[in-house]
Amino acid sequence: MMEWETLLAVAPELILTLGGTDLLLVAAFGKKHNIGRRVSIYAVLLLIACGLSLIGPAGHAGPVFGGLYNADAFSTFSKVLIYGTAIASILMALRFFERAGEMQPEYPVLILFAALGMGFMVSSGDLMTLYIGLEIQSLSAYVLASFMRKDTRSAEAGLKYFVLGALASGILLYGVSLLYGFTGTTSYEGIAQSFAAEMSTGKLFGLVFLLAGLAFKISAVPFHMWTPDVYEGAPTPVTAFFASAPKVAAVALSIRVVFEALGPASSDWQQIVIFVALASIALGAVAAIGQNNIKRLLAYSSINNIGFALIGLAAATEAGVAATLSYMAIYVVMTVGSFVCVLQMRDTNGRPVETIESLAGLSKSQPALAAAFAIFMFSLAGIPPLLGFWGKFLVFDAAVQAGLFPLAVIGIALSVIGAYYYLRVIKTIYFDDPAEDYVRADSVIENGIIALTAAAVSPLGYLAVPFLALTAGNAAAVLF
C-alpha cells in the first residue's frame with residue numbers, strides 16, 4: 001500500500017490529532033470571551049469530518065502499518081457510535097457548564113483526545129496499539145471526571161477514577177507482558193497462532209489478566225466498583241460520555257481481542273465472559289434497587305446493560321457479535337437520552353437536582369419531559385414495543401442458537417428483577433404526590449436531543465432495524 005493510502009486509512013485519527021492540537025492552542029492563546037462555545041462548535045465539526053472520512057479508505061483499507069492498525073467495517077461501525085456520542089456529549093454540556101461558570105474550552109478538546117484514543121482501541125491489531133489507545137482515552141477521562149474544580153464531588157470522582165484506573169492499567173499491562181513472554185509477539189495474529197499451537201499455564205494467566213483489565217474499562221463485575229461513585233460525582237455531561245462512548249470502545253476492543261488474538265482459546269475465555277455477564281446482570285439488577293440518586297441508578301443500569309451485551313459475546317459466534325454491536329448501538333441512544341433528561345432536573349433556583357424523589361409529579365408539571373423519561377426507562381428495562389426490547393432479544397437469541405440455553409434463561413429471569421427499579425422511577429413520575437417543580441429548560445439543543453433519542457427508541461426505531469442489522473452483520477463478518 002502506498003504511503004498516501006496508508007495516511008488516508010488513519011484519516012480520522014489524523015483529523016483528531018491535528019484538530020485537537022490546534023483547538024488546544026486556540027484555547028490557550030485565543031480571546032477568552034465566549035471561547036468555550038466556539039471551540040465546542042469547532043470540535044463538533046471535526047467529529048463530523050471524522051465520520052465522513054470513514055466513507056473513504058479509512059473505512060475499508062484493511063490492516064496498515066504492519067498490522068498495528070485495522071481500518072475495516074468493524075472499526076467503522078464502532079467509530080460512528082463513538083463520534084456520535086462524543087458530539088452529543090459536547091452539545092449537552094454547553095448550557096450545563098455555562099450555568100456553572102465552568103465552560104472552559106478544554107472540555108471539548110479533552111473529548112476529542114478521548115475519541116482519538118478510542119479510535120485506536122477499536123482499530124488495534126496489536127497489544128501495543130491497544131494499550132496506547134487505552135491510555136490516551138483514560139488520561140483524558142481522568143481530567144474530565146474532575147473537570148469542575150470547585151466541586152468536591154467532581155474532584156473525588158476524578159481521584160477515584162485515576163487510582164482505580166491506574167490499577168486496572170497495571171493489571172492489563174501485566175497480562176500483555178505475560179502474553180508477549182509466552183507467545184513471543186504482541187500482534188493479534190501471532191498470538192492467535194501461538195494459542196492454536198498449544199495452551200500453557202502462562203498463556204492462560206496472560207489471558208485472564210488481559211480480560212480483567214478490559215472488564216474494568218467496561219465496568220463489568222467484579223471490576224465495577226468505581227462506576228457509581230464516578231458517575232455520581234462527575235459533571236452530568238461527563239457522566240453521559242462515560243456511560244456511552246468509552247463503553248462502546250471497550251466492548252468493541254474486547255470483541256476484537258477475544259476473536260482475533262484469543263480465538264483458538266475460545267473455550268477458556270468463554271467461561272470467563274459467561275461469569276462476568278451473569279454477575280454484571282445480577283449486581284446491576286439488585287444493587288440499583290436501593291438507590292435514591294438518579295445518576296447512581298443509571299450507573300448500576302450501565303453495569304446491568306453491559307452484562308446483557310456480553311451475553312452476545314459469550315455466544316462466540318458471528319450472530320452473537322452482531323447482536324452485541326446492535327445492542328450497544330441501541331444502548332448508547334437510550335443512555336444519552338436519559339442523561340439529557342437528568343440535565344433538565346433543576347430546581348426553581350437553577351441548581352441541579354439528582355434525587356429520584358424530586359421527580360414526583362413531573363407528569364403534571366412537565367408532561368413532555370415525563371413522557372421522555374418513561375420512554376427511556378421502559379426501553380432500558382427491555383419492555384416491548386420499545387427498541388430496548390429488540391436489543392435484548394437479539395443477544396438472547398444468539399445465546400440460544402449457540403447452545404447456551406441456560407445462560408439465556410438466567411439472563412431473562414434477572415432482567416425481570418432489573419425492571420423493578422426502572423418501573424419505580426416511572427411510578428414516582430406519574431403516581432407520587434407532586435414535589436417542587438423543576439424550572440423549565442429553554443435549551444433547543446437539549447430538547448432536540450431528547451426528542452431525537454426518544455423517537456429512535458420508540459416503535460419508530462424499528463424502521464432502522466434492517467439497516468442496523470446489515471451494518472452490524474457486516475462489521476461482525478470481518479472477525480470471522
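Residues are numbered from 1 along each chain as its sequence is written. Because the model is predicted, local features need pLDDT of at least 70 and side-chain atom pairs count only at pLDDT 80 or more, while totals for chains, interfaces and linings use all residues; side-chain values use heavy atoms, with hydrogens and water left out.

Start with the whole protein. It contains 21 helices and two strands; these are DSSP runs numbered from the N terminus, with helices (H or I) of at least four residues and strands (E) of at least two. Along the principal axes, the C-alpha trace spans about 65 × 55 × 40 Å. Of the 480 residues, 60% count as buried. Buried means under 20% relative accessible area, exposed means over 50%, and partly exposed lies in between (1.4 Å probe, protein chains only).

Next come the aromatic rings. Across the whole structure there are 17 aromatic pairs. Rings of Phe, Tyr and Trp (its six-membered ring) pair if their centres lie within 6.5 Å; planes under 30 degrees apart count as stacked, over 60 as edge-to-face and the rest as tilted. One of the pairs joins Tyr 69 and Phe 120, edge-to-face, with 6.2 Å between centres and 80° between planes. Tyr 69 belongs to strand S2 (residues 69-71) and Phe 120 to helix H5 (residues 106-123), so this pair ties together parts that are 51 residues apart in sequence. Tyr 69 is buried, at 2% relative accessible area, whereas Phe 120 is partly exposed, at 23%.

Trp 226 is buried at 3% relative accessibility, and Tyr 231 is buried at 0%. Both belong to one aromatic cluster, together with Tyr 142, Tyr 161, Phe 162, Phe 216, Phe 241 and Phe 242.

Rings also meet charges. A charge sits over a ring if NZ of Lys or CZ of Arg is within 6 Å of the ring centre and within 35 degrees of the ring normal. The charged end of Lys 203 is placed this way over Phe 195, 5.9 Å from the ring centre. Lys 392 lies over the face of Phe 308, at 4.6 Å.

On a 1 Å grid over the protein atoms alone, a cavity is a set of points where a 1.4 Å probe fits but cannot get out; a pocket is an open set with protein on both sides within 12 Å along at least five of seven lines, and lining residues have an atom within 4 Å of a point. The largest pocket holds about 850 Å³. Its lining has 29 residues, and the closest to its centre are Val 80, Leu 81, Ala 329, Val 332 and Val 333. Helices H4 (73-100), H15 (318-343), H20 (444-457) and H21 (465-477) each supply at least two lining residues, with the largest share, eight, coming from H4. By class, the lining has 21 nonpolar, eight polar and no charged residues.

There are five cavities of 30 Å³ or more, and the largest cavity has a volume of about 80 Å³. Among its lining residues are Tyr 161, Trp 226 and Phe 242, which are also members of the aromatic cluster. Helices H6 (127-145) and H12 (245-261) each give at least two residues to this lining.

Last, some details of the backbone. Val 221 and Pro 222 are joined by a cis peptide bond, with omega about 5°. Pro 222 lies in the loop between helix H9 (201-217) and helix H10 (227-233). Ser 219 is found in the loop between H9 and H10 too; its phi is near 55°, a positive value in a residue other than glycine. Ser 219 is buried, at 0% relative accessible area. A cis peptide bond also joins Pro 384 and Pro 385, with omega about 10°.

Note on methods:
Grid points are joined across faces, edges and corners, and a volume is the space filled by probe spheres set on the points. Ala, Val, Leu, Ile, Met, Phe, Trp, Tyr, Cys and Pro count as nonpolar, Asp, Glu, Lys and Arg as charged, and the others, Gly among them, as polar.
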